[in-house]
Structures are given as structure tokens and as C-alpha cells.
Amino acid sequence: MLPDEQLLEAAERFGTPLYVYDAREIDAALARVRAAFGDARVFYAMKANSNFAVLRRLRAAGVGFEAVSPGELARARFLGCSGDEVIVNGPAKTPQEYALGGEIGATFVVDREEEVERVPAGARVLVRVNPALDVSTHDHLATGAPVSKFGVRLDRVAATVAAARARGLHLRGLHVHIGSAIRDASDFLAAFERLAGLASTVGELEVLDVGGGWGVDADLAGIARAAREAQAAFGARELWVEPGRYLVATSGTLLTRVVGTKETGRRFVLVDAGMTELLRPMLYGATHPVRPLWAGADAGLFDLAGPACESGDLLARDVPLPEPAVGAVLAVGQAGAYGAVMSSTYLSRSRPAEALWDGEWRLVRRRERPEDVWRAELDAETVTA
Ligand SMILES: Cc1ncc(COP(=O)(O)O)c(C=O)c1O
């Protein structure tokens with residue numbers, strides 16, 4: 001996390017709630033990925049943080065993108081991405097995504113057997129495998145479990161691959177992504193072993209895409225070793241990876257100001273950010289480190305409560321703090337992934353500003369104004385479709 005003075009300067013200059021990113025942390029995370037995975041091709045899962053400043057920085061470093069929505073595809077096209085730079089993924093792609101992905105010549109991930117008939121003729125494709133594994137993460141973050149909606153069942157992969165080849169698609173290889181915030185390399189090892197078990201029925205492949213899902217302190221070397229073994233089983237020339245969280249989580253911090261304090265059955269510090277700015281604690285019980293940006297003796301444990309009229313609107317529990325004064329700033333760490341992108345306009349709240357530190361502060365998304373939030377409603381009065 002950036003030093004206190006720098007964070008306070010940003011809060012002063014751009015206001016709160018504010019997301020700040022340290023560009024050097026993104027570079028460092030990418031360097032760690034490359035050190036562990038060697039010549040594997042890196043496709044950043046844009047869903048983690050699709051701010052153009054982040055995308056541009058990663059693209060300049062030679063990273064491609066994985067897009068899972070029409071909006072993300074539109075962002076990739078806006079940046080001028082094409083061909084091998086983009087993977088189109090998602091369990092329920094719409095005609096709009098097939099058209100947009102086809103236009104830029106992206107590689108499509110076939111997520112179910114019938115999709116072989118939906119992707120544009122001649123498209124490059126990967127077939128996503130559901131390895132039917134329960135992994136060590138929150139239920140909402142598991143994507144390769146027997147009950148997950150993602151991927152093709154192990155016993156239907158060979159038939160899906162054959163159908164793709166029969167339709168004349170350019171079948172590049174297989175894809176697997178078992179979930180998010182997974183720290184234990186053994187979960188990946190188990191998934192990649194199941195994948196490798198398909199080698200005898202599927203035959204040689206060009207590409208093996210092992211997805212992302214690595215927690216910020218995951219054992220990258222162990223995951224890479226397991227991925228290389230699976231790659232060898234298929235004789236695949238290329239290994240692809242799709243990290244989202246790992247590349248951006250630690251670069252980001254949410255800055256929020258103290259609005260007041262309150263004591264009921266618990267001791268609260270009330271702040272100007274909550275579930276509408278950072279949903280992860282409410283959505284999947286995620287925990288984020290919290291640092292007060294003021295000095296003082298420890299005054300006990302506080303729950304960080306946001307401004308929403310929702311009891312679950314808590315950013316953190318039992319945070320040790322010095323006595324909070326109105327206007328003091330708190331830094332909520334590891335908020336660079338699935339933070340700003342999940343912010344919402346619930347309660348007609350304006351989404352927060354975002355700033356990037358790269359030797360100096362740069363505003364990379366201005367704070368929304370109330371009229372940004374209701375503009376589409378006023379537009380509806382003059383537009384018919
Ligand atoms: C297919 C796919 N690839 C990559 C990712 C990135 O995951 P993470 O941010 O945990 O690395 C996701 C996220 O869920 C995904 O669905």
C-alpha cells in the first residue's frame with residue numbers, strides 16, 4: 001500500500017470515497033507472473049478491473065484480454081485490440097458478443113456443446129472443461145465444481161471437440177478455470193490432472209488455457225509446474241493464463257472518510273463508503289486489511305459501517321483503531337480487483353472516482369454526478385428504443 005502522506009494527498013485532491021491504484025504494483029505482479037510462467041501468454045481477465053488506465057498499462061506490457069460481456073468486448077475494441085489479443089468467454093453469450101468477437105477476430109471459449117453451432121464460421125475456439133472439482137474457496141467463487149454452470153462435462157469434451165472440428169472451426173485447445181481467490185496449488189494440480197486425463201481422447205492440441213483464479217498469495221510456481229505437466233500431456237505448443245485478481249488486487253486501495261461513530265451492541269465507525277463502493281465483503285464475506293491514516297493510541301475494536309440502509313453494509317469487522325475523528329481517512333487495502341467494477345448506483349449513489357499513482361497522481365475516472373445516474377431515464381423521454 002502507498003505511504004500515508006500520499007494516500008492523504010489523493011483523498012484531499014480528489015475527495016472520498018476514492019479508489020487509488022499504484023501502477024508499480026501492477027507491474028510487479030505481472031513480473032511475478034512472468035517469472036513463474038515463463039513464455040506463457042497472459043490474458044488479463046478484464047472483469048477484475050476494466051479501467052482504461054489499467055488496461056492500457058497491461059496492453060503496453062504485451063498482455064492480451066479476456067472479455068466476458070459485450071461491454072468488455074467494446075472496451076477491447078475501443079483500445080484497438082484484435083485477433084490473438086482477445087479471448088471471448090462467458091456461459092451465456094449473446095448474438096452481440098458473437099458479432100463483436102467475430103469482428104475483431106477473437107478466440108471464443110465454447111462453454112457448452114451447443115455453442116459449437118453459435119460461434120462465427122471458421123472462428124478460433126477453445127473448449128472449456130468443467131473438471132467437476134470442489135475447491136477451497138467461497139461457494140460463489142467456485143466455477144469448476146460439479147454443480148457449477150460453467151464448462152463442458154468431462155464425459156462430453158471429446159464429442160464437443162469433434163463437433164467443433166467437424167464444423168470447420170479452428171479448434172485451438174482446451175480451457176479450464178476452477179474459481180477465484182484460490183491459494184492452494186493442490187486445487188489447480190487436481191484440476192489440471194483431470195484435464196490431462198482427456199489427452200488420449202482429444203489428441204494433440206495447439207493451446208492449453210489454464211485460466212486464472214490465483215489468490216494474491218498463491219503459490220504461482222506450484223501452479224505453473226502443474227500447468228506445464230498438463231501442457232506436456234497434450235503436446236500443446238502454447239500455455240495461456242488468465243489472471244484477473246492477481247494482477248491488480250494489491251495495487252488498489254479504497255479511501256473512505258469517517259462520518260461519525262456510534263455504539264449499539266457493537267462499536268461502529270461510520271464511513272462514506274460501503275457496499276455500493278466495495279461489495280465483496282457483503283457478497284462473499286471477503287476480508288480486506290484496513291489502515292487508519294491518523295495516529296493515536298489504540299481505542300479498541302470497531303466495525304466499519306457504510307452509509308446504506310442495509311444491515312449487511314459493513315466493510316470490515318473488529319478493526320483496531322485509534323479514536324476516530326470526523327473527516328479522518330481510512331485505507332481499505334487489496335481493493336484493486338472486483339472493487340470499482342462492482343460499485344453500483346443503488347440508492348442513487350454516484351460511483352466513486354479513481355486515481356492512479358505513477359510517480360504522480362492522475363485521475364483515471366471522475367466521480368459520477370447525480371445526473372450521470374439518472375441520465376438514461378431522462379434520455380428515455382426523447383428516445384424510443
Ligand atoms: C474464465 C475466467 N478466467 C479468468 C478469471 C479471473 O479470475 P481471477 O480474477 O480470480 O484470477 C475469471 C474470473 O472469474 C474467469 O471467469
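A salt bridge is counted here when a side-chain nitrogen of Lys or Arg lies within 4 Å of a carboxyl oxygen of Asp or Glu. The model shown is predicted, so that local features need pLDDT of at least 70 and side-chain atom pairs count only at pLDDT 80 or more, whereas totals for chains, interfaces and linings use all residues. Residues are numbered from 1 along each chain as its sequence is written, and side-chain values use heavy atoms, with hydrogens and water left out.

**View 1. The salt bridge between Asp358 and Arg57.** The side chains of Asp358 and Arg57 meet in a salt bridge, with 3.1 Å from N to O. Between domain 1 and domain 2 the count is one salt bridge, while a search of the whole structure finds 28.

**View 2. The salt bridge between Asp27 and Arg57.** Arg57 also forms a salt bridge with Asp27, where the closest N and O atoms are 2.8 Å apart. Because Asp27 lies in helix H2 (residues 23-37) and Arg57 in helix H3 (residues 52-60), the pair ties together parts that are 30 residues apart in sequence. Helices (H or I, at least four residues) and strands (E, at least two) are DSSP runs, numbered from the N terminus.

View 3. The domain assignment, which is automatic or from a database, gives domain 1 as 4-19 + 249-377 and domain 2 as 23-246. The centres of the two domains, taken over C-alpha atoms, are separated by 32 Å, and their contact (heavy atoms within 4.5 Å) takes 18 residues from domain 1 and 18 residues from domain 2. Together they bury about 1,700 Å², 52% of it on carbon and sulfur atoms; buried area is the accessible area (1.4 Å probe) that two parts lose on being put together, summed over both. In domain 1, Thr250, Tyr284 and Tyr338 lose the most area to domain 2, together 33% of what that side buries.

**View 4. The side of domain 1 that touches domain 2.** Across the interface, eight residue pairs are in polar contact, both residues being at pLDDT 80 or more; such a contact is a pair of N or O atoms within 3.5 Å, where, within protein, one must be able to donate a hydrogen and the other to accept it, and residues adjacent in sequence count only if both atoms are side-chain atoms. Helix H11 (280-284), strand S17 (353-357) and strand S18 (361-365) each supply at least two residues of the side of domain 1 that touches domain 2.
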